[in-house]
Amino acid sequence: MSLSHAEIVADNREYTLASWTAQKAWNPVSMAKAEGIYYWDGDGRRYIDWASQLVNVNVGHGHPHVIKAIQDQVAQVAYAYPGIATEPRGRLGELLREITPDGLTKSFFTLGGSDAIENAMKMARLYTGRQKVLTRYRSYHGATFGAMTAGGDPRRLANEPGVPWIVRMHDPYPYRSPLYRNRTADEGDQALIDQIEETILFEGPENCAAILLEGYSGTSGIMQGGNVYWRGIQNLCDKYGILLIIDEVMSGFGRTGEWFGINHYPFVKPDLLVMAKGLTSGYVPMGAVAVRDKIAAYFEENTLWGGLTYSAHTLACAAAIANIEVYRNENLIANSREMGKVLRAGLLDLAEKHPCIGDIRGTGLHQVIELVKNRETREPMSGWNNPASEPMQKVAGSLRNGGLTTFVRFDWIFNAPPLVINREQIQEGLDIIDQALTLADPYCVE
Ligand SMILES: Cc1ncc(COP(=O)(O)O)c(C=O)c1O
């Protein structure tokens with residue numbers, strides 16, 4: 001049986017609910033087949049997967065090594081409850097100890113990013129005996145109750161006031177933040193760190209369990225602090241005994257050209273590191289929290305108050321092991337770094353041509369274009385939390401008609417294809433973006 005695109009969409013709309021949208025506005029692409037960086041809808045129309053679905057299919061679609069590992073595992077032991085020890089669970093824990101920053105020794109497994117964030121915050125609160133978690137305004141950490149409050153992104157607003165123990169900090173965003181006005185990026189980073197220290201003092205350091213930050217900022221616009229910012233964060237954590245939780249759900253597993261986004265700042269010592277997405281490239285849902293040895297030691301003596309029926313699911317463990325093997329055997333981290341340079345050069349070329357491009361941010365295969373109406377004044381093309389301005393809708397429509405899907409939010413076009421992409425395929429994507437930007441240029445004003 002294979003349904004047409006229209007039939008697939010009709011069934012989905014009739015019987016299922018879609019995320020983050022009023023249902024009548026949901027007009028999805030369908031997917032009937034997928035391979036590498038491409039997928040095809042029910043009518044056989046091909047799309048370039050320019051956002052690796054939701055920035056998770058890092059090894060590309062249909063990877064034979066991952067498929068085989070899952071098939072072999074399902075035939076052997078499909079499921080064991082979390083109180084049982086299994087070979088793939090132990091092996092995956094060992095691999096995560098190898099690839100995560102030094103000192104992270106043990107992992108707890110979840111079903112995805114949100115519940116991994118919940119567990120990381122819970123562990124930090126249990127370990128420190130403190131309550132508050134400091135997060136950024138422009139951040140996303142998931143959609144379960146606590147994780148949704150933790151993310152400062154406007155998606156949290158429907159869940160307000162959320163959990164009471166989240167405190168928000170301003171963002172390292174030199175392009176727009178008032179703190180960076182008339183300052184260099186380093187001076188702005190320092191001013192921001194000084195402000196964060198003030199926030200900690202106002203909140204009472206003795207109440208602050210953790211600072212939670214994305215290792216490399218993602219859906220909130222890829223706004224990333226530099227060395228001064230990250231050194232400042234590490235110093236504040238050390239000075240006040242606050243744990244550092246690094247969310248690598250999106251930026252992990254080669255996305256930014258390193259195993260983890262935080263590897264760009266080798267002096268940062270995460271206490272808890274949260275993973276999901278590229279851990280299994282989406283072949284089976286899974287998340288994880290890796291913890292520093294001192295936290296692992298604490299839970300030797302103290303109960304870890306948490307558990308999930310599907311924690312350490314054997315199929316997910318097998319998929320994750322196979323993914324890590326693919327990252328290693330196919331040098332995908334290095335490929336992300338190299339192809340990231342090609343992507344960035346291509347985006348800079350587009351900026352020469354299109355006055356609507358205001359800023360390009362990111363590294364590796366993790367880059368965003370920010371559109372403006374005026375480069376001098378930086379007047380936004382759409383504006384913060386404006387989901388559907390006319391120019392951005394036109395851009396999104398043109399990308400899709402051109403055969404490329406990615407997420408287009410507020411003023412941003414995200415560029416995050418699977419790490420297996422090559423030069424020719426990058427050019428293919430850039431040509432489609434080039435076309436789409438011609439629809440935004442006329443909105444530029446003097
Ligand atoms: C940085 C970050 N953290 C957490 C999450 C939540 O992960 P999940 O959707 O798997 O629950 C996401 C999802 O996009 C994310 O990008």
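Student: Why is the meeting of the side chains of Asp153 and Arg409 called a salt bridge?

Tutor: The model is a predicted one. In it, the N to O distance between the side chains of Asp153 and Arg409 is 2.8 Å. A salt bridge needs a side-chain nitrogen of Lys or Arg within 4 Å of a carboxyl oxygen of Asp or Glu, so the pair Asp153 and Arg409 qualifies.

Student: How many salt bridges are counted between domain 1 and domain 2?

Tutor: The count is two. Residue pairs in polar contact between these domains, both at pLDDT 80 or more, number 26.

Student: Which residues make up each domain?

Tutor: The domain assignment gives 31–59 + 331–443 as domain 1 and 64–329 as domain 2. Their C-alpha centres lie 26 Å apart.

Student: What makes a residue part of the contact, and how many does each domain give?

Tutor: The test is heavy atoms within 4.5 Å. By that test, domain 1 gives 38 residues and domain 2 gives 38 residues.

Student: What area do domain 1 and domain 2 bury between them?

Tutor: About 3,000 Å², with 57% of it on carbon and sulfur atoms. On the domain 1 side, Val59, Ile333 and His366 supply 22% of the area buried against domain 2, more than any other three residues.

Student: How do the residues on the side of domain 1 that touches domain 2 divide?

Tutor: They divide into 19 nonpolar, twelve polar and seven charged. Elements that each supply at least two residues of that side include α11 (332–353) and β12 (367–374).

Methods. Residues are numbered from 1 along each chain as its sequence is written. This is a predicted model: local features need pLDDT of at least 70, side-chain atom pairs count only at pLDDT 80 or more; totals for chains, interfaces and linings use all residues. Side-chain values use heavy atoms; hydrogens and water are left out. Domain bounds come from an automatic or database domain assignment. Buried area is the accessible area (1.4 Å probe) that two parts lose on being put together, summed over both. A polar contact is a pair of N or O atoms within 3.5 Å; within protein, one must be able to donate a hydrogen and the other to accept it, and residues adjacent in sequence count only if both atoms are side-chain atoms. Helices (H or I, at least four residues) and strands (E, at least two) are DSSP runs, numbered from the N terminus. Ala, Val, Leu, Ile, Met, Phe, Trp, Tyr, Cys and Pro count as nonpolar, Asp, Glu, Lys and Arg as charged, and the others, Gly among them, as polar.
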